[in-house]
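Thanks for coming. Please have a look at the sequence and the model before I go through a few points.

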Amino acid sequence: YSLMKQAGFYLLILLMASCKTAPVVKKLKGSDSLVITFNVPDSDSVLNTITTTDTRAIQKLAHFLTGKTTDKKDCGFDGNMQFFKAGHPLLPVVFRFSDKDCRTFIYDLDNTVMKTELSAEAADFLQSLFDNKNWY
């Protein structure tokens, strides 16, 4: 019985820890629009620009930014996104999604440069937006 009680305690702690909202998600709370620019890799040449006010898409992308911190080499970039609230920029994000061996998000959160892994799900989502498929 004691082992079961202990396991229940650890499960409760795990659930409470997982409910904590990531700082980047807090910063983007209330974001009402998003502009995503897809570039020719490592250049300023624009291939496609997507603008959305769909809160599901905005929230989904905000949560993708909470991936595991990475120290991968400089992966370059093939796009960027800007989150807005009431017309004011909240957070610019640079990303690399086309190279499956080096996928990252890079952004400045309260004067700290954050570099997080861009998941396969995030890459698929960005690819669908690039292809003008708007499923969220």
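Where is the place of Asp110? Asp110 sits in the loop between β5 and β6. Keep in mind that this is a predicted model.

Strand β5 covers residues 104–109 and strand β6 covers residues 112–117. They pair in the antiparallel sense, over six bridges. One of the pairings to look at is Tyr107, whose bridge partner in β6 is Met114. The hairpin has two residues between the strands.

Now the backbone. Most residues other than glycine have a negative phi. Asp110 is not a glycine, yet its phi is positive, about 55°.

Asn132 is not a glycine either, and it has a positive phi of about 60°. Asn132 lies in the segment after α4, the helix of residues 120–130. Is Asn132 buried or exposed? With a relative accessible area of 57%, Asn132 is exposed.

Last, the pocket. The largest pocket has a volume of about 180 Å³. Twelve residues line it, and Val25, Leu28, Lys29, Gly30 and Gln59 lie nearest its centre. Which helix gives the largest share of the lining? That is α3, with five residues. Helices α2 (23–27) and α3 (55–64) each supply at least two residues of the lining. By type, the lining divides into four nonpolar, six polar and two charged residues.

Conventions
Residues numbered from 1 in each chain as written. Predicted model: local features only at pLDDT ≥ 70, side-chain atom pairs only at ≥ 80, totals over all residues. Heavy atoms only, no water. 1 Å grid on protein atoms, 1.4 Å probe; cavity = no way out; pocket = protein on both sides within 12 Å on 5 of 7 lines; lining within 4 Å. Points joined across faces, edges and corners; volume = space filled by probe spheres on them. Helix = DSSP H or I, 4+ residues; strand = E, 2+ residues; numbered from the N terminus. Nonpolar A, V, L, I, M, F, W, Y, C, P; charged D, E, K, R; others polar. Pairing = 2+ DSSP bridges. Buried < 20%, exposed > 50% of the residue type's maximum accessible area, 1.4 Å probe, protein only.
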